[in-house]
Amino acid sequence: MPKPNILKIGSGYINKVEVLLKENRISGKLFYITDPVIDGIYGENIRKQIEKVGYLKTEIIDCNTISYAMAVAERVIATDIDCIIGMGGGKVLDVCKYAAYISKTPYLSIPTTAANDGLASPIAVLKRKDGKPKSLGCAMASMIVIDTEVIASSPLQLIKAGIGDTISNYMALQDWDFAVRRGRDTMNGYAYLMSQASLDALMKTQYDHICLEFVEVLIKSLVLSGIAMDFAGSSRPVSGSEHLFSHALDYYAEVKNFHGIQVALGTVAILKLLGKSYDKVLEYLKRFDVDINPMRLGIDEDTFVLCMQKATSMRKERYTYLHEADMEEAKLKKIYNELTEEL
Ligand SMILES: [Zn+2]
């Protein structure tokens, strides 16, 4: 029998975990992995449902290092776990995603936030020993259940970050086209279309504020972005120069902001640097009150300039517009100051 590949998005799904596991003939030893906050809110409900299906083993995590994810994988293998059930935000889900991939174990993912397109991607971001993030290729979860009510009740800033991560497809797709024209990358038309559809679904939404219906649109957009990565076999369809800038911020900046907010800032800043139109993107971000003013994000002029200049060194093989752009310090300072006024 082929492995189940389940994707459910909608209201009330958090109460259907038991049904879903039964429908997919999942039983035996079930490893429920979450963080302390999420366990406090939803743990009782989820654990009760799991116990009706199989033997429950619980792990409460507060760390997302590569070595920790490897240790989880080792325990999954050593104790013959039949299914991993991960519930939480990116940290928990990336640990589970990687552990499921290494241990080749079915994995039910239950995201509680929609802060980025890692929701359904084949990439896990985990921390190295020195605390710096590292993107690791793995596989998408075999089962994903997203309850829109759970996401809608998560902190607003996380939802705004999700908007920012989808918006960044706008820049990423232009960078991909550019790299292909320069003979520095190959095109995958299916993945390109998928990323474009993800962007369009969000940009063309009828909603003008964050409500339950809008959250569903956002989740579908983020999942489509994740599938685009799976199609392409890399993050190329959703990650261009704006992501390189964000990676540089993660590496060099002292202040930490959400990934989705950083890539949205990168999108607008780089479009501006290239003399391209960014009105549509900015209008959209303003409509949903997504603040990307670098000064208010705690990114000072020097850090902005440094991270713009270091961006292309963050991933050597990812060719983008920035590789041929004018990265003069004076010009970047001017962009920074104009952005702090405009945004
Ligand atoms: Zn991203």
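This is a predicted model: local features need pLDDT of at least 70, side-chain atom pairs count only at pLDDT 80 or more; totals for chains, interfaces and linings use all residues.
Reader: How many of the residues in strand S8 are buried?
Author: Happy to start there. Strand S8 spans residues 143-147 and is mostly covered. Met 143, Val 145 and Asp 147 point one way, Ile 144 and Ile 146 point the other way, and all are buried. In a regular strand the side chains alternate between the two faces of the sheet. For S8, the buried count is five of five.

Reader: Which residue stands opposite Met 143?
Author: Good one to look up in the structure. Strand S1, residues 6-10, runs parallel to S8, and five bridges join them. The residue standing opposite Met 143 of S8 is Ile 6.

Reader: And which residue of S8 is the bridge partner of Ser 109?
Author: Let's turn to strand S5, which covers residues 107-111. S5 and S8 pair in the parallel sense over two bridges. Within S8, the bridge partner of Ser 109 is Ile 144.

Reader: Why is Ile 102 classed as partly exposed?
Author: Ile 102 is found in helix H4, residues 90-103. A residue needs 20 or more other C-beta atoms within 10 Å to be buried, and 12 or fewer to be exposed. Ile 102 is partly exposed because the number of other C-beta atoms within 10 Å is 17.

Terms used
Residues are numbered from 1 along each chain as its sequence is written. Helices (H or I, at least four residues) and strands (E, at least two) are DSSP runs, numbered from the N terminus. Two strands pair if DSSP finds at least two bridges between them.
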